Amino acid sequence: MYAGTSEAHNQLMKRYLTIGYGVASYAVFLVAFLYAIGFVGNFVVPRSIDLGVAAPLWPAVLINMGLLAVFAIQHSVMARPAFKRWWMRFVPQAIERSTYVLLSSLALLLMYWQWRSMPAAIWDVRQPVARWALWALFWLGWAIVFLSTFMINHFDLFGLRQVYLAWRKEPYTEVEFRSNLFYRLVRHPLMLGFVIAFWATPTMTAGHLLFSGATTAYILVALQLEEHDLVAALGDEYRAYRREVPMLLPIPRPHRGEPFGREQVSG
C-alpha cells in the first residue's frame, strides 16, 4: 500500500516538474524573443546591435561571428531528426522541444550580452517618409513572425503542447501538415518575417549589416536542411506543396494541383 502511494506521489511530482519546466522554458523564450525586437531595433533594451560592448573592428567581427555561429549550430543541429532520436535517449520526449527552445533562447541571450558594437554607418535614411516606411516594414516583419507561429501551432512549436499532454497522461501526436493563410503565399513565412525585420532599418551600421547578412545566409542554408527533412517525413505531399508555393518570396506560381491540406511543424 505504501509503495503504491509513493509511486503515485513520484508520478505526480514528475508531471509537475515536466509542466513547470515547459512553462519556464517558454518564459525564457518570451524574454529572448521580446528582447530581440529591441536588440535589432536599438530601443528600450540596455544592449543592442549598435549599443553593445565596445571593441576594435576585427575582434568585434570575430566575436560577433562566433556568437552567431553558437546559435546557428545549436539551432540547426538540435532540429535534425537524427539528433532528436539520439537526444531522446537521454531527454524525455515530453521536454525535448522545451529543452531545444530553452537552449536556443540561452544562445540568443548570450549573443545579446556579448555582442560587440560596430558603429560605422553604411546608410542613414533621413527623409521622414522613407524613414517611417522602413520602421513600418520593421514592425511588419515581426508581426509576420508572430502570426506565422499561430498559423501552424504556436504551443507545439515552443514545447507547451508536449508538456501539457504529458500532464494529461496523453501520448504525443504530430501536428498535422496544413497550409493556410501566410503558408499559401510562401512555405516559410516565419523566416521571411525575420529577414524583413532584420533588413528594414533607417540606419544600417556595420554591426547591423554583419548581423543581417549572417542571419540571412544562415536562414537560406537552414531552410535547405529543413526542406530535406520535410520531404523525408511527408514525401509526395510536401513535394507537391513545394511545386505550388515559393519558399520565401511571395511570387505567384501557375496553379497546378489541388489545395493542400496540412502543415508540418519543423525545426
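# Close-up views of a predicted model

**View 1. His 188 and its neighbours.** His 188 touches Leu 223, Glu 226, Glu 227, Leu 230, Tyr 238, Met 247 and Leu 248, leaving aside residues up to four places away in sequence. The model shown here, and in every view below, is predicted. His 188 sits in the loop between helix H7 (160-167) and H8. Is His 188 buried or exposed? His 188 has a relative accessible area of 6%, so it is buried.

**View 2. Salt bridge between Arg 187 and Glu 227.** Side chains of opposite charge can pair when their charged atoms come close. Here the side chains of Arg 187 and Glu 227 meet in a salt bridge, at 3.0 Å from N to O. Arg 187 lies in the loop between H7 and H8, and Glu 227 lies in helix H9, so the pair ties together parts that are 40 residues apart in sequence. Arg 187 counts as buried because its relative accessibility is 7%. Glu 227 also counts as buried, at 4% relative accessibility.

**View 3. Salt bridge between Arg 80 and Asp 229.** How many salt bridges does a search of the whole structure find? The search finds eight. One of them joins Arg 80 to Asp 229, with the closest N and O atoms 2.7 Å apart. This pair links distant parts of the chain, 149 residues apart. Arg 80 is in the loop between H2 and helix H3 (81-87), while Asp 229 is in helix H9. Buried means under 20% relative accessible area. Arg 80 has 16%, so it is buried. Asp 229 has 14%, so it is buried as well.

View 4. Which residues are linked in a network of salt bridges? They are Asp 124, Arg 126 and Arg 131. Asp 124 forms a salt bridge with Arg 131, and their closest N and O atoms are 3.5 Å apart. Asp 124 has a relative accessible area of 31%, so it is partly exposed. Arg 131 counts as partly exposed too, because its relative accessibility is 27%.

**View 5. The largest nonpolar core.** This core has 54 residues. Those with the most contacts inside it are Phe 39, Met 111, Trp 115, Trp 142 and Phe 211. Several helices supply at least two residues each, including helix H1 (2-41), helix H4 (93-114) and helix H10 (236-244). Which helix gives the largest share? H9 does, with 10 residues.

**View 6. Trp 142 and its contacts.** Trp 142 is one of the residues with the most contacts inside the largest core. What does Trp 142 touch, not counting residues up to four places away in sequence? Its partners are Phe 33, Ala 36, Ile 37, Val 40, Gly 193, Phe 194, Ala 197 and Phe 198. A second, separate core has seven residues, including Met 78, Trp 87, Val 91 and Ile 95.

**View 7. A nonpolar patch on the surface.** Phe 146, Leu 147, Phe 150 and Phe 155 form this patch. Together they have about 380 Å² of accessible area. H5 gives the most to the patch, with three residues. Leu 147 lies in helix H5. Its relative accessibility is 41%, so Leu 147 counts as partly exposed.

**View 8. Ser 76 in helix H2.** Ser 76 is found in helix H2. Ser 76 counts as buried because its relative accessibility is 11%. Beyond residues up to four places away in sequence, Ser 76 touches Tyr 218 and Ala 222.

View 9. An unreviewed UniProt entry places the feature "transmembrane region" at residues 21-45, 57-77, 98-115 and 135-160. In the model, residues 21-45 are 84% helix and 0% strand. The end C-alpha atoms of this span lie 26 Å apart. Residues 57-77 are 100% helix and 0% strand. The end C-alpha atoms of residues 57-77 lie 30 Å apart.

**View 10. Helix H7 and the residue after it.** Which residues of H7 are buried? They are Leu 160, Arg 161, Gln 162, Val 163 and Leu 165. H7 is followed by Lys 169, whose phi is positive, near 60 degrees.

Note on methods:
Residues numbered from 1 in each chain as written. Predicted model: local features only at pLDDT ≥ 70, side-chain atom pairs only at ≥ 80, totals over all residues. Heavy atoms only, no water. Core = buried A, V, L, I, M, F, W, Y, C linked by side-chain atoms within 4.5 Å. Buried < 20%, exposed > 50% of the residue type's maximum accessible area, 1.4 Å probe, protein only. Helix = DSSP H or I, 4+ residues; strand = E, 2+ residues; numbered from the N terminus. Contact = heavy atoms within 4.5 Å. Patch = residues over 30% accessible without salt bridge, like charges linked within 9 Å, V, L, I, M, F, W, Y side chains within 5 Å. Areas by Shrake-Rupley, 256 points an atom, 1.4 Å probe, with all protein chains shown as cover. Salt bridge = Lys/Arg side-chain N within 4 Å of Asp/Glu carboxyl O. UniProt positions renumbered as here; feature names shortened; annotations may be inferred.
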